[in-house]
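Here is a short report on one protein chain. Keep the sequence and the 3D view open while reading.

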Amino acid sequence: MYLKIIAPLCILGFLFASCNNGGNTTTTKLQEVPVVNIESQSLTLPQFYVSEIHAVRNVELHSKISGFLDGIFVDEGQYVKKGQILFKIGDNEFRFEVEKARAVLNSLKAEAKITEVEYNRVKTMVEKKIIGQSELDLAYSKLKSAEAKAQEAESAVQHAIHRLSYTTIRAPFDGVIDRIPLKTGSLLDEGTLITTVSDISTMYAYFNISENEYLALSRDTDDNSMNEQKTASLVLSDGQQYPHTGHIETVVSEFNGNTGSISVRASFPNPEHLLKHKASGKVKLVEKTTASITVPQKATFEIQDKNYVFVLDANNVVKMKSFVPAGRTGDLYIVASGLKEGERVVYEGIQNIKEGMKVAPVSMPANTTIKTALK
């Protein structure tokens, strides 16, 4: 009876062992994940600064006299040349003033001529000792008084001519006309704003940088001066880069005590007149750095305001590791601490893995992070 029971159990044990041995012959396929090797590389990091763009010259044209606006010879947005006639103010009254001043001048010149003749007559009589010296002194005084009045009248004529010239408003330089709010026939008061002319052949971009950034940029030049040493690029409001390179021209003499920043001006050529006065954009400066460790942004994730990546150990087991970023350029984080050169980081698909998993790594090209930075 005992042997009858043992025999079936042995058979079952043999079958169970056979099943187990058969199961060991089938291995579970590991999940493939792309990985990159962390490498140290030299990067040129672009720094962006919000800027205000101004024309190199932007001048308001005001009326210097009162009168009616008789003529408008330009249109809004028109490009004008220096000296070109832009506006005309009614000048009849001012022409009358010129003629009146000239008439007064001619009258006083005539009086001065008569006084001069009288002086010469008295002088002759004094020389002949017909009259005394006091008469000559009196005649001389009258002559000088008449000549002074004539000179004053001459100044009045020039003043009237000068005021007449104010009726013709010309372009002070080559530039573009802004809005013209007034129309022909409008009554102008002295000082009325007529329009604005902008010289946009060159544009200024004003922006602020911190003291540390100023020092870093200054040390990047031979004479510790940013002026005319540093090139700059401009990114327009639509995100497109302006096609012309600019240069830093000036840095103001002191830092802002409230913000700790300093104002910088960069100039950009504007041959196509694409840039306009008071446009917006960002100045881009390229800063050279020493060798830095970078990690792709898509390989990172955040937990409670800390940055993490998945790294693989020697056995291809996933481990979560935190790091401290020093900055960001393009799609890359610059690593300040936490990661070291040579570590393998899961490049993408981090949402499909978890710590402790064993995976099958697929190596990405060694320059993946560099290409990402240059996008």
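## A buried lysine

Lys 230 has a relative accessible area of 8%, so this residue counts as buried. In this predicted model, Lys 230 sits in the loop between α4 (211-219) and β10 (231-236). Ser 218 is 12 residues away from Lys 230 along the chain. The C-alpha atoms of the two are 8.8 Å apart.

## The chain as a whole

The chain has 375 residues, and 35% of them are buried. Its secondary structure comprises 5 helices and 19 strands. Take the contacts with a sequence separation of 6 or more: 74% of them link residues 24 or more positions apart.

## Helix α3

Helix α3 covers residues 133-165, which is 33 residues. From first C-alpha to last, α3 reaches 48 Å. That is close to the 48 Å expected at 1.5 Å a residue.

Which residues of α3 are buried? They are Leu 136, Ala 139, Leu 143, Ala 146, Ala 150, Ala 153, Val 157, Ala 160 and Leu 164. Their cover includes α2 (92-127) and β6 (168-170).

## Thr 168 in strand β6

Strand β6 contains Thr 168. Is Thr 168 buried or exposed? Its relative accessibility is 19%, and the cut-off for buried is under 20%, so Thr 168 counts as buried.

The side chain of Thr 168 makes a polar contact of 2.7 Å with the side chain of Lys 88. Beyond its neighbours within four places in sequence, Thr 168 touches Ile 85, Phe 87 and Lys 88.

## An open sheet of four strands

Strand β6 also belongs to a sheet. The sheet is open, has 4 strands and runs in the order β6-β5-β3-β8. Its pairing is antiparallel. The edge strands are β6 and β8 (187-188), and each of these pairs on one side only.

Strand β3 (residues 67-72) is joined to β8 by 2 bridges, with the two strands antiparallel. Phe 68 lies opposite Leu 187 of β8. As a rule, the strands of a sheet pair through backbone hydrogen bonds, either parallel or antiparallel.

## The β14-β15 hairpin

Strands β14 (residues 300-303) and β15 (residues 306-312) pair over 4 bridges in the antiparallel sense. Thr 300 has Val 309 in β15 as its bridge partner. The two strands, β14 and β15, form a hairpin with 2 residues between them.

Asp 305, in the loop between β14 and β15, has a positive phi of about 65° although it is not a glycine. Asp 305 counts as exposed because its relative accessibility is 73%.

## A further positive phi

Most residues other than glycine have a negative phi. Lys 278 has a positive phi, near 70°. Where is Lys 278 found? Lys 278 is in the loop between β12 (261-269) and β13 (280-296).

With a relative accessible area of 65%, Lys 278 is exposed. Lys 230, by contrast, is buried at 8%.

Key:
Residues numbered from 1 in each chain as written. Predicted model: local features only at pLDDT ≥ 70, side-chain atom pairs only at ≥ 80, totals over all residues. Heavy atoms only, no water. Expected span 1.5 Å × (residues − 1). Buried < 20%, exposed > 50% of the residue type's maximum accessible area, 1.4 Å probe, protein only. Contact = heavy atoms within 4.5 Å. Polar contact = N/O pair within 3.5 Å; in protein donor to acceptor, adjacent residues only side chain to side chain. Pairing = 2+ DSSP bridges.
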